[in-house]
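Please look over the chain shown here, with its sequence and its model side by side. The briefing that follows begins with one residue and its neighbours and then moves out to the whole fold.

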Amino acid sequence: MTVNDAATTSFRGPRAYAAFIGIGLLAGLLSGLFGVGGGTVIVPLLVLLLHFDQRLAAGTSLAAIVPTASVGVVSYAVSGSVAWIPALILAAGAVVGAQIGTRLLPRISQTALRWGFVGFLVVVIVTLFLVIPSRDAAFDLTWGTAAALVGVGVGTGILAGLIGVGGGVIVVPVLMLAFGTSDLVAKGTSLLMMIPTALSGTIGNLRNRNVDLLAALLIGVAACTTTALGAWIATLIDPTAGNLLFAAYLVVIAVQMALKAIRGRQKA
C-alpha cells in the first residue's frame, strides 16, 4: 500500500461523503455561472475541510472537472454560446503549455509567480468594471485570432503547470476583454477547452496515484446537478451584473493566491 492509498482511507465516512457532495454542489454552481472548472473551490475546500494533501486535492479536483465541464458545455451549447473551433485551439495550446510549465517549475520562484498572477487578476478586475461585453458579439475566427488563441492556450497551460491555476480564471476574461467575445460565449468556450486538458492531466495523475477516485466521483456527480443551474442563471443576469459577480470571484482567487505567496515567502 502506497502513502496515498493509506491516506485516502481516512477520507471516508458520512462526514467526508457529505463534504464531497457539498463541495461538488458549490463547485458546479460556480462552474456554470462563471465558466470555470471549479478547481479554485474544490482544492482549497478539500485541503481545509478534509486535510487532503495538496497534490491529491489537485488531482481529485481535475478528475471531477471532466463531468462538470461536460455538463456546462451542453448547457451553454443549447443557447449557441460555445465557440467550438476556438475552444479546441485553446485546448491544444494549453496541453503544450502545461508540459512547458511543469518543466519550468523547479527553476522559477513560486512566490514571484503567485504575486505576478495576483497582479494579473487585479488588472482584470479593474478592467471588468470598465469594459462591459455585448451579448450580441460574435467570435470572428481569422488566422490572426487563431494564432493569438494558441498563445493564450499555451500561456494558460504554462500557468496551470507552474501554479495550478488556469482554465476559466484566465480564459474567460481574456476572451471577453481581448477578443471582444460575449460573456456567455467566453464561459461556454472556456468549459469546452477544459475537458481535453483535464482528461490529459487526470490520466497522468492516475498513473502517479494522485487521484481519490471515489471523492472525484461524488464531487463530479454532485457538481453536475448544479452546473446547468449556474449556466441558466448566467443567461438571466445582465452582462454588467455578471462582470461584478465575476470580479468578486476573482477577488477571492487573488486573496487565496496572495496568502499562498506570503506563506511561501515566510517559509523561504
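**A residue and its partners**

Once its neighbours within four places in sequence are set aside, Ile 100 is in contact, meaning heavy atoms within 4.5 Å, with Val 154 and Ile 158. The model is a predicted one, in which local features need pLDDT of at least 70 and side-chain atom pairs count only at pLDDT 80 or more, while totals for chains, interfaces and linings use all residues. Residues are numbered from 1 along each chain as its sequence is written, and side-chain values use heavy atoms, with hydrogens and water left out.

**Ile 100 in its helix**

- Ile 100 belongs to helix α5, which covers residues 84-104; helices here are DSSP runs of H or I with at least four residues, strands are runs of E with at least two, and both are numbered from the N terminus.
- With a relative accessibility of 34%, Ile 100 counts as partly exposed, a class that lies between buried (under 20% relative accessible area) and exposed (over 50%), as computed with a 1.4 Å probe and protein chains only.
- Although Ile 100 and Ile 158 stand 58 residues apart in sequence, their C-alpha atoms are 5.9 Å apart in space.

**Overall fold**

- The chain has eleven helices and zero strands, and from the N terminus its elements therefore read α-α-α-α-α-α-α-α-α-α-α.
- The radius of gyration is 18 Å, close to the 18 Å that the globule rule gives for 268 residues, so the chain is as compact as a globular protein of that length; the radius is taken over C-alpha atoms, and the rule is 2.2 Å times the number of residues to the power 0.38.
- Along the principal axes, the C-alpha atoms of the chain fill a box of roughly 55 × 40 × 30 Å.
- Of the contacts in the chain between residues at least 6 apart in sequence, 84% join residues at least 24 apart.

**Surface and charge**

- Buried residues account for 49% of the 268 residues in the chain.
- The accessible surface is about 12200 Å², and 70% of it belongs to carbon and sulfur atoms; such areas come from the Shrake-Rupley method with a 1.4 Å probe, and for residues only the protein chains shown count as cover.
- There are 14 positive and 7 negative side chains, with the centres of the two sets 16 Å apart; Lys and Arg count as positive and Asp and Glu as negative, while His and the chain ends are not counted, and each charge is placed at NZ of Lys, CZ of Arg, CG of Asp or CD of Glu.

**Nonpolar cores**

- The largest nonpolar core has 51 residues, and those with the most contacts inside it are Phe 246, Tyr 249 and Leu 250; a core of this kind is a set of buried Ala, Val, Leu, Ile, Met, Phe, Trp, Tyr and Cys residues joined through side-chain atoms within 4.5 Å.
- Apart from that core lies another, of 15 residues, including Ile 23, Leu 50, Leu 56 and Ala 64.
- Phe 246, found in helix α11 (residues 239-267), is buried at a relative accessible area of 1%.
- Beyond its neighbours within four places in sequence, Phe 246 is in contact with Phe 34, Val 36, Leu 128, Gly 168, Val 172, Pro 173 and Met 176.
- With neighbours within four places in sequence left aside, Tyr 249 is in contact with Leu 30, Phe 34, Val 36, Thr 40, Val 41 and Val 169.

**Helix α8 and Pro 173**

- Helix α8 is mostly covered, since nine of its ten residues are buried, among them Gly 168, Val 169, Pro 173 and Met 176.
- Pro 173 has its place in α8 (residues 168-177) and counts as buried at 1% relative accessibility.
- Leaving aside neighbours within four places in sequence, Pro 173 is in contact with Val 124, Gly 168, Ala 178 and Phe 246.

**A loop residue with positive phi**

- His 51 has a positive phi of about 60 degrees although it is not a glycine.
- Most residues other than glycine have a negative phi.
- His 51 lies in the loop between α3 (39-50) and α4 (54-78), and at 63% relative accessibility it counts as exposed.
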